[in-house]
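Work through the exercises below with the model open. Try each task before reading its solution.

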Amino acid sequence: MPVFYPRARSCVALVSLVALAANAQAQTAARSDTLPPVVVKKDEADKQKKKAATPKKKKEAPAVAQGPAEPAEAVPGEPSTDVIYSANRVPTDITKVGSAVSVITRDQIEAQSRTYVQDYLAQVPGVSVAQTGPASTTSYFIWGAASKYVKVQVDGLDVADPTGTQVTTALETILASDVERIEVLKGSQSLLYGGQAIGGVISIDTARPVLGASLSASGETGSYNTQRGTASAAYGTDRGYARFTVQSVRSDGYSALAIGNEDDGYRNLTFSSTGEYKLSSDVKVFFAARALEERHNYDSTYDYWGLAPDGWPGARGVTSQQSGRLGTEVKLFDGAFVNTVSIQGMKLDRDQWGWSGGSAVNDSYTGDRWKVDYLGTAKITKWATVTAGADYMEETAETGAYSQHGIDLTGVFAQLSVEPLKGLTITGGGRNDEHSTFGDFQTYRFTGAYFYEPTQTKLRASTGTGFRAPSLYELYANNEWVSGNTGLKPEESESWDVGFDQWFDNKRYRLSGTYFQVDTTNEIGGGYDANWKWVYQQIPGTTHREGVELSGAAVVTPWLTLSAGYTYVDARAEDGSRLVRIPRNSITLGADALLFDTVKANVNTRFALDTADSSNYQLEDYVLLNAKFSYDIRPGLTAYVRGENLLDEKYETVRGYGTPGLSVFGGLTFNVDANAYASLK
């Protein structure tokens, strides 16, 4: 089977990693979506020169980096400085958020320099990830709710694939080099996000530039003949900014099948851009755009059973996707009433080549989506805020299994947030969705948060409902292997959770805990008929998921930060059988340390225990140890070496599919901006 390059594996000896693996690092500061309030002028540059000439302290607190990604309140500082964006779709003080949220920041991403967004999500408490080979289909779960129940947005763009078996976002294609912040909002969230948000929401935001011009670039090479590069250019003023980034990854990969002996290569080229401009103090316009071309080899069923002929180049796929969003924000009544209107569109084309029935086959998939939405937020009084909105979406798809079909969905919603007592915030609201095929569906969400400032204690709780309409594939697919079912009904959910967050010693230490339940009914599954044809059908009864999250963080010294997370998930169908590929117990540990003035270390460890892949097959437990050491050659120029799976674990996240062994990578990052340049002149 041809691949992109000859395979090359390399490894180096890394010292003292196991001792650090028992430690963990804490969360970093929350994102600011606005540019700094000052512009670098000559007199300011002179001040920065003097500041730059001041000798550095021998030990400074490290940039808090990625271990298990924890809620934003892990950041040392006053709770009022922490802001969550996804919970209410408007910036909300963390002390007033009743939902369970975890945050991954830019500092965490830079501390590890991992390639894909899913590499970081796998370390978030309550989230698990399983993959069928290098850059192949990724399944991800929030509180045991699978990918089809999770809404993913990138800069507000819905990039889910409407041609898939279920409408899900291919996390394996989203590169992390340009990502500024990721929020994982857990539990049913259909009130604000519409259908599919049964298990939660993953909100991804890319980087925002500083004032003036800025440039950044990075390059990496390593195991499996992997090369990765990123280049970004941006310009910001006190009225707006624009940023453009291109990222590329290419690798020989490893065998998608665990029993395979050939490499399955991968290539990804991604372009992303964002910008905004203030027409006045009360009006701004904004945009976001993404384009992706991805190519990969994979092992099909015929490859697995050795049925493909000699010389067959192997199964392979190509995906092309373009998406864009344009909108405006208008503030009225001195900012008390904020209105946001946007329109977005997405187009996707996929081609897959395989072997079936004694001959090569090519399946083509095309899909598109466009959406317009309105969001209004009104501050009625000092203690009451109303959020209301509406959205309209059209989605079409055509595959080798069915001719072109489409749906449209119209939603309206309203939410009220009140603060009747000091420290107490109660939020609730409802939504109505009108589906062109299935009619009206109503959902709701209620949350409560109480923050007691003297002891720095927050108690929180939330409950909500959601729904997911059957995908076009589940409804209309019809070929020799699969049959859709136009009689399917939408899946529905109800979830609730209770938890606490406790800070100590001016937030140097934090403990958090959450108990959760997520129930779904009318779940869509399937089975084989007498002709061994897969037929989609409703699963009777309720699928039940419940569990516990525990996490903690500590700034032990000015140069060492630790954190840890533990998640227990029991996910079962009505008949008592366990849901597959969800670890019952998972543990994340890590550490972030400033070893010398210019040398940083990051170590993280993840344990996955007791995972079922079918009613009669149990996956082996595994532990993954990763580490990165970086050296600041000069301001803005850093060299690093990082290792993945340093214990060289032989493990599977999906039965029969391969995973990478011990891998080592080395790279350089370069950043320069107008502020830094002025301070060095």
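**Exercise 1. Classify Arg181 as buried or exposed, then find its salt-bridge partner.**

Solution. Start with accessibility. Arg181 has a relative accessible area of 1%, so Arg181 is buried. The cut-offs are under 20% for buried, over 50% for exposed, and partly exposed in between, with a 1.4 Å probe and protein chains only. Next, look for the partner. Arg181 forms a salt bridge with Glu183, the closest N and O atoms being 2.8 Å apart. A salt bridge here needs a side-chain nitrogen of Lys or Arg within 4 Å of a carboxyl oxygen of Asp or Glu. Then check Glu183. Glu183 counts as buried because its relative accessibility is 3%.

Two notes on method. This is a predicted model, in which local features need pLDDT of at least 70 and side-chain atom pairs count only at pLDDT 80 or more, while totals for chains, interfaces and linings use all residues. Residues are numbered from 1 along each chain as its sequence is written, and side-chain values use heavy atoms, leaving out hydrogens and water.

**Exercise 2. Which parts of the chain does the Arg642 and Glu220 pair tie together?**

Solution. First, the geometry. The side chains of Arg642 and Glu220 meet in a salt bridge of 2.8 Å, N to O. Now place the residues. Arg642 lies in strand E35 (residues 637–644) and Glu220 in strand E10 (residues 212–222), so the pair ties together parts 422 residues apart in sequence. Strands are DSSP runs (E, at least two residues) and helices likewise (H or I, at least four), numbered from the N terminus. Both Arg642 and Glu220 are buried. Finally, widen the view. A network of salt bridges links Arg114, Asp119, Glu220, Arg228, Arg642 and Glu644.

**Exercise 3. Find the salt-bridge partner of Asp158 and say where each residue sits.**

Solution. A search of the whole structure finds 33 salt bridges. One of them joins Asp158 to Arg369, with the closest N and O atoms 3.7 Å apart. Asp158 is in strand E7 (residues 157–158) and Arg369 in strand E17 (residues 359–381), 211 residues apart. Asp158 and Arg369 are buried.

**Exercise 4. Which members of the largest nonpolar core touch the most other members?**

Solution. Set the rule first. A nonpolar core is a set of buried Ala, Val, Leu, Ile, Met, Phe, Trp, Tyr and Cys residues joined through side-chain atoms within 4.5 Å. The largest one has 35 residues, and Val117, Leu121, Ile182, Ile202 and Ile204 touch the most other members. Elements giving it two or more residues include helix H4 (117–121), strand E8 (179–186) and strand E9 (200–206). Apart from this core lies another, of 18 residues, among them Met393, Phe441, Ala469 and Leu472.

**Exercise 5. Is Thr457 buried or exposed, and which side chains make polar contacts with it?**

Solution. Thr457 lies in strand E22 (residues 457–468). Its relative accessibility is 17%, so Thr457 counts as buried. Its side chain makes a polar contact of 2.9 Å with that of Thr455. Another, at 2.4 Å, reaches the side chain of Gln502. A polar contact is a pair of N or O atoms within 3.5 Å; within protein, one must be able to donate a hydrogen and the other to accept it, and residues adjacent in sequence count only if both atoms are side-chain atoms.
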